[in-house]
Each structure stands twice: as C-alpha cells, then as structure tokens.
Amino acid sequence: MAWLVVSLSLIVIWVASLCKVFFGATSSSRATILDDGKTPQKKNVMFVIAHPDDESMFFSPTINYLTSNVYNLHVLCLSTGNADGMGNIRKDELHQACAVLKVPLQQLKVLDHPSLQDGFGQVWNHDLLTEIIEEEVTKHDIHTIITFDNYGVSGHCNHRDVHRGVLTFLQTNSGRHIKAWELVSLNIFRKYCGPVDIWLSILSAKKHPSNVIIINEQPWRSFKAMAQHLSQWVWFRKLFVSFSSYTYTNTLNRIIP
C-alpha cells in the first residue's frame, strides 16, 4: 500500500510540475539578468559553449526565454565535436538546432581550431580561449555572456575549460563592465528529477537570492532542437532530455571575477 501512495504522490508532483511549465511558467531573470537600461533588441547576449548540442541539452530554457523576449542572441561554439570524426555533420546539426531555437544563423560561430578539439583529456588553452572570446565580444558588441560553471554540468573537461576561458577574459577586461552568468551544476538527484526540479530551484533561490531561475515555457522546442542532432540522438540522450532538469529550468549565477 505504501508503494502505491508513493507512486501516486510522484505522479501528482510530475503533473503539477508540468502544469507549472505549460500554464504558470515565470522567470525571475526579467529584473536581474538583462536590466541595464537597454531595450531587448539592443541587448547582445552571447552563449559560449564547447560542443554542438550543448545549447539544446543544457541552455535551452534560457535561450527560449531570451528569444521569446526578442533579445539579440549569439552562439560561440568552440569546437565541432569531432571526437568521433563527425565534426562536419555535428556542425550542420547545430545550424539546424539553432534554427529551431530561433537563433539567427549568421550569429552562430563554430570553431575548428587545432588546439580546441573535442575529447576527454584534451586541454584547452585558457589564453587562446580568452583571445577568441574577446574578439567575438568586440565584433558583436556583446553585453552579456552565458556559459558553464566551473564543473560544467557533466564534469566534461572541455566545459570546464570554457568556464575558465570566460573567467580569464573577465579578469583581463574588467574595465568593459560585461556581465557574465554561469549555468549552475546540480547534484545527481536534482539533475534527473525532470520538471520537479522547478520547485527545488525556486526553494533554492530563496536561500540564494542572487541566483536567477528561468523556467522553460516551451520544452517542446527543446526536444525538437535536440532531435536535430541526429548523430547524437540515441536512446540514452532521449532519456536524458526527458528526465533532465536542464530541459525544464536553468539556474544561473552571476560570475564575479
């Protein structure tokens, strides 16, 4: 009998969480991430990611929120994800995914630098990353950067190097007053509790008021975007997108260099 009560409770929580997504989603970022006096159309935001599919697997709630509010988005992907020799395919898939996410394709840049190749054990030079990021920030008049935190959600070394590259850029360009936010890595329970993490994120934000919670109002778009990465769209990633809290909500923390 106890297991039935637990099962019914979990179902109720999942349904309530999905209702929150589809009918009551709100984002606390409206007053904190981008409120610096600029209109959305003049606010240039750049996502700095490591591989094609990072944008769909991890950052789609934030991307959906910003595109829905007409912010001007750029994506800088620092590799083609060529660990398995499919770099050109994955690059094309990223273009298709960004089209679904409504990121202008002319504002997507994918690098294939010999010193920035995808793979565990591949150490990316932080000074090189800083140089590349600085070039893109200057070229596109970027005001806000969004990237991984120091753990990088999955602990992937490339994700962590991207964070350190952004941090180094901020430290060497402190006079430019560019805001940067990191996607907070969650523990294993929260990472895989799907839409239920919306409530946990809201509770966590009460303890950490500097954090910004963004609820994905269009999770179907996140699924569709990830499905464009056909070379990666295997059964365990389908499960990941279904049960990952990063499909339904993002917690962002301000990077203070």
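Helix axes are taken here as lines fitted to C-alpha atoms over the stretch in contact, with angles running from 0 to 180 degrees between N-to-C directions. In this predicted model, the axes of helix 5, spanning residues 126-140, and helix 6, spanning residues 157-172, come within 8 Å of one another and cross at roughly 65°. The crossing of these two helices, helix 5 and helix 6, is right-handed. On the side of helix 5, the contact involves H126, D127, L129, T130, I133, E134 and V137, which meet D161, V162, R164, G165, V166, T168, F169 and T172 of helix 6. Classified by residue type, the contact of helix 5 with helix 6 comprises 6 nonpolar, 5 polar and 4 charged residues.

A nonpolar patch on the surface is formed by I188, F189, Y192, V234, W235, F236, L239 and F243, which together have about 860 Å² of accessible area. Two elements, helix 7 (188-191) and helix 10 (235-243), each give two or more residues to this nonpolar patch. Helix 10 gives the most, with 4 residues, and F236 is among the residues that lie in helix 10.

With regard to charged pairs, a search of the whole structure finds 6 salt bridges. One of the salt bridges is formed by R90 with D53, for which the closest N and O atoms are 3.0 Å apart. Because R90 lies in helix 4 (residues 87-100) whereas D53 lies in the loop between strand 1 (44-49) and helix 2 (54-57), the pair ties together parts that are 37 residues apart in sequence.

Methods
Residues are numbered from 1 along each chain as its sequence is written. This is a predicted model: local features need pLDDT of at least 70, side-chain atom pairs count only at pLDDT 80 or more; totals for chains, interfaces and linings use all residues. Side-chain values use heavy atoms; hydrogens and water are left out. A crossing is left-handed if the near helix is turned anticlockwise from the far one by less than a right angle, and right-handed if clockwise. Contact means heavy atoms within 4.5 Å. Ala, Val, Leu, Ile, Met, Phe, Trp, Tyr, Cys and Pro count as nonpolar, Asp, Glu, Lys and Arg as charged, and the others, Gly among them, as polar. Patches are made of residues with over 30% relative accessible area and no salt bridge: like charges are joined within 9 Å, nonpolar side chains (Val, Leu, Ile, Met, Phe, Trp, Tyr) within 5 Å. Accessible areas come from the Shrake-Rupley method with a 1.4 Å probe; for residues, only the protein chains shown count as cover. A salt bridge is a side-chain nitrogen of Lys or Arg within 4 Å of a carboxyl oxygen of Asp or Glu.
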